[in-house]
Amino acid sequence: MTGVVRWFVRGLLILAGIVLLVAGSALTYGLYLSTSLALPTGDEHPPRLIYGAPFLLKPDLDVAASHLLERLNRLGYHQVDTTVRSPGEYRVTPTDIDIYLHEFPDLHLRPVPARLVLDQGRVARVLSIQSGDELFPAYVEPQLISGLRGASRQVREWVSYDDLSPRFLDILLAIEDRRFFNHPGIDPVAVVRAIWTNLTRGTVIQGGSTITQQLAKNLFYSPQRTFGRKLKESIAALVLEAKYRKQAILESYANEIYLGQVGSVSIYGVGEASHRYFGKRMEALSLEEAALLVGMIKGPNTYSPLRNPALAKQRRDVVLGRLHELGMIDEEARAQAVNAPVRVMPPQDTLADAPFFVDYLLRQVEEATGTPLPDGVRAYTTLDPLLQQLAAQTLARELITLETAYPALKHHPTPVQGALVAIDPATGGILAMVGSRDYRLSQFNRAVQAKRQPGSLFKPLVYLAALEARRELAGGQPMTAATVIVDEPVTLDSGNGVWAPQNYDHKFHGTVSLRAALEQSLNIPAVKIAQAVGTKRILHLAESLGIRSPLADNLSIALGTSGVSLLELTSAYGALAHGGLMVAPTAVQAVMTPEGDPAWHHTPVRRQAVSPQGAYVMTSLLKGVVERGTAAKAKAMGLRGVVAGKTGTTDGYRDAWFIGYTPELVVGVWVGFDDEETLHLTGAQAALPMWVEFMRRIMPATPRDFAQPPAVVTREIDPQSAQLATSKCPQRVAEVFIEGTEPSVYCEVHGSGFWERVKRGFGFF
């Protein structure tokens with residue numbers, strides 16, 4: 001018996017030692033935490049300011065088409081009738097526009113008075129008013145496009161305890177921590193009650209962690225669920241409770257709690273969530289809206305009303321039921337709130353001016369640097385805010401016009417959608433990006449994330465591969481814009497059986513030139529050319545032009561059967577506008593630290609994807625599409641100037657596209673249903689009007705033509721024989737050729753005339 005007592009005493013001593021050791025370690029850790037832990041405050045989250053691109057004042061600038069005065073007004077400049085004397089003033093006369101430019105230190109822009117000398121509505125010279133010398137470069141400072149919310153310039157709004165909604169706090173404490181004001185940071189009673197409630201209800205509707213423990217976990221520890229982490233979290237909670245008042249802890253929790261995503265933007269804090277989800281301040285939240293936000297705490301993305309509205313409503317109703325059980329609301333209030341639908345409609349002014357662009361920017365920076373864009377930085381982007389505004393307005397308005405013209409579109413379960421992207425082909429800079437008709441209803445970016453079949457829009461890449469092949473094709477004959485192809489029934493082995501491609505009009509057009517085949521978007525000639533060129537050459541060209549989406553290695557590629565994004569295909573067309581030089585699209589130029597030091601700078605990715613000669617000939621072909629082909633009605637819609645472009649319509653009329661470009665700008669438009677149901681409309685019917693309406697508002701009155709590179713020649717040919725035209729040919733058309741591929745034989749169909757025989761005798765072609 002004595003031995004048993006001895007072992008019992010020894011065990012007690014060992015247990016006491018362990019308890020003392022654990023208590024000592026906990027005390028030591030607690031003392032360490034008491035010197036290192038601190039609650040965040042509102043000024044610890046400076047906004048991430050995102051700016052558009054500065055606007056270059058340069059000779060040949062069209063004042064009206066560039067909306068110059070509107071740009072100045074948007075930046076807070078004001079018009080004066082006398083000499084400009086201080087930054088922010090401008091004066092307009094029939095011959096000049098004087099602008100006293102603002103200072104912008106980050107971009108080294110000085111506050112200088114500039115004079116734009118006008119000639120017939122265009123800028124002829126940019127001068128310094130002070131010296132009279134040429135002023136170059138002269139930039140109007142960039143516009144802030146993200147970070148604005150009413151009078152506040154914060155992306156993340158900190159709400160003080162006194163401004164927290166009493167209704168929200170009551171619901172929060174009822175669901176998350178009923179004894180918050182009575183416990184020291186950990187609550188054994190709540191743990192036992194949560195276990196019992198969850199067991200009896202058969203579902204988890206309560207948690208055992210206090211708000212202080214949750215705050216400690218969110219601020220200081222990883223989300224891993226281990227006993228060690230839970231112990232540290234509990235000690236940290238005790239330390240916070242000893243160090244801070246309850247109100248300070250509750251304020252930090254309400255502002256630091258993660259409440260899901262809007263696009264790629266993480267939402268922290270109930271004030272920010274109120275704005276982002278409901279377009280309201282906290283005190284204006286209804287009972288069901290406050291219950292929804294509290295319910296989201298359990299699973300911010302699982303119960304997000306944007307991602308899962310049904311689950312969000314289910315969770316909200318559980319919270320409302322719990323409030324009724326606790327006697328906080330009566331049955332009438334509960335029933336009314338439960339019957340209310342989940343409405344998430346933040347007003348547009350609570351979002352960035354270019355929400356899809358900002359989402360894409362944040363993703364690009366994170367992929368390039370490996371970390372999200374930090375608080376407090378200033379990001380300078382490629383966006384043209386005015387073009388962005390016009391793009392968003394045009395897309396929304398033209399989709400409504402389309403539904404009015406074709407009422408059947410309104411009967412679809414989901415609304416017809418669209419996307420528009422505009423790129424500077426020289427820099428790859430994205431000037432405007434709209435990914436849906438309303439960001440508030442759908443944050444899915446159809447300009448980037450959607451991979452849809454481009455249909456006929458892909459044909460120019462097939463023809464371009466043929467032009468670039470020169471004499472490497474079978475038979476040694478170069479493919480040119482004048483090459484004739486027979487549009488006739490054809491059957492091919494597709495690998496999955498016999499394939500007989502058809503034209504959209506289900507007709508055959510006999511012998512046609514390559515130019516005519518592209519202008520009229522004929523399918524059979526495109527497939528024949530793809531067969532002659534080989535799919536490997538086409539795939540290589542597409543990759544060189546920046547298309548990264550996987551493409552099928554079979555002849556159906558000629559008809560655009562592989563899904564691509566609007567952004568990558570618009571960028572590929574941009575290479576044609578820029579002499580065959582592909583510049584990868586980008587949204588960001590540079591990122592600056594809060595102190596004004598460079599943090600990251602974008603390095604352009606560029607390569608000569610095709611020859612300048614091949615790009616120019618293809619541009620000539622695509623100009624014909626707008627002048628005579630499937631996009632010819634663009635002129636009747638009000639389009640002026642020199643434009644190259646191509647319509648795209650997929651099999652079954654599911655997708656409608658148009659991409660067109662000038663030397664300075666390439667713009668792509670897509671229209672369709674998200675579920676890929678048929679539109680019953682072509683690219684010319686659904687996408688082209690939107691493109692024309694956008695371009696009509698920004699194109700100068702006399703736009704310049706595409707510059708012809710060396711080693712491109714123009715010859716008059718007979719369209720029937722594709723040979724050099726003679727005086728006997730009934731038709732003579734001018735055609736462009738890559739030097740060395742032009743015809744050298746006079747027309748053998750109609751015979752050569754006297755002057756042709758003389759030229760031949762003297763050794764001329």
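**Figure 1. Overview of the predicted chain and its contacts.** Among contacts (heavy atoms within 4.5 Å) in the chain between residues at least 6 apart in sequence, 66% link residues at least 24 apart. This is a predicted model, in which local features need pLDDT of at least 70 and side-chain atom pairs count only at pLDDT 80 or more, whereas totals for chains, interfaces and linings use all residues. Residues are numbered from 1 along each chain as its sequence is written, and side-chain values use heavy atoms, with hydrogens and water left out. The secondary structure comprises 22 helices and 28 strands, taken as DSSP runs numbered from the N terminus (helices H or I, at least four residues; strands E, at least two). Of the 765 residues, 53% are buried (under 20% relative accessible area; exposed is over 50% and partly exposed lies in between, with a 1.4 Å probe and protein chains only). The chain exposes about 34,300 Å², of which carbon and sulfur atoms supply 56% (Shrake-Rupley method, 1.4 Å probe; for residues, only the protein chains shown count as cover).

**Figure 2. Confidence along the chain.** The mean pLDDT (the predictor's confidence in each residue, from 0 to 100) is 85, and 84% of the residues reach 70 or more. Over residues 148–155 pLDDT stays under 50, and the model has 22 contacts beyond four places in sequence for this stretch. Residues 347–351 likewise stay under 50, with 14 such contacts.

Figure 3. The strands run in the order β14-β13-β25-β24-β23 with antiparallel pairing (two strands pair if DSSP finds at least two bridges between them). At the edges, β14 (430–434) and β23 (644–649) each pair on one side only. The twist from one strand to the next averages 5 degrees. Seven antiparallel bridges connect β13 (residues 417–423) with β25 (residues 666–672), and V421 stands opposite G668 in β25. Helix α21 (residues 688–696) packs on the sheet, where it touches β13, β24 (655–661) and β25, and its direction makes about 145 degrees with that of β25 (axes are lines fitted to C-alpha atoms, for helices over the stretch in contact; angles run from 0 to 180 degrees between N-to-C directions).

**Figure 4. Surroundings of E627.** E627 belongs to helix α19 (residues 612–627). This residue counts as partly exposed because its relative accessibility is 45%. The side chains of E627 and R628 are joined by a polar contact of 3.3 Å (a pair of N or O atoms within 3.5 Å; within protein, one must be able to donate a hydrogen and the other to accept it, and residues adjacent in sequence count only if both atoms are side-chain atoms). V642 lies 15 residues apart from E627 along the chain, with 9.3 Å between their C-alpha atoms.
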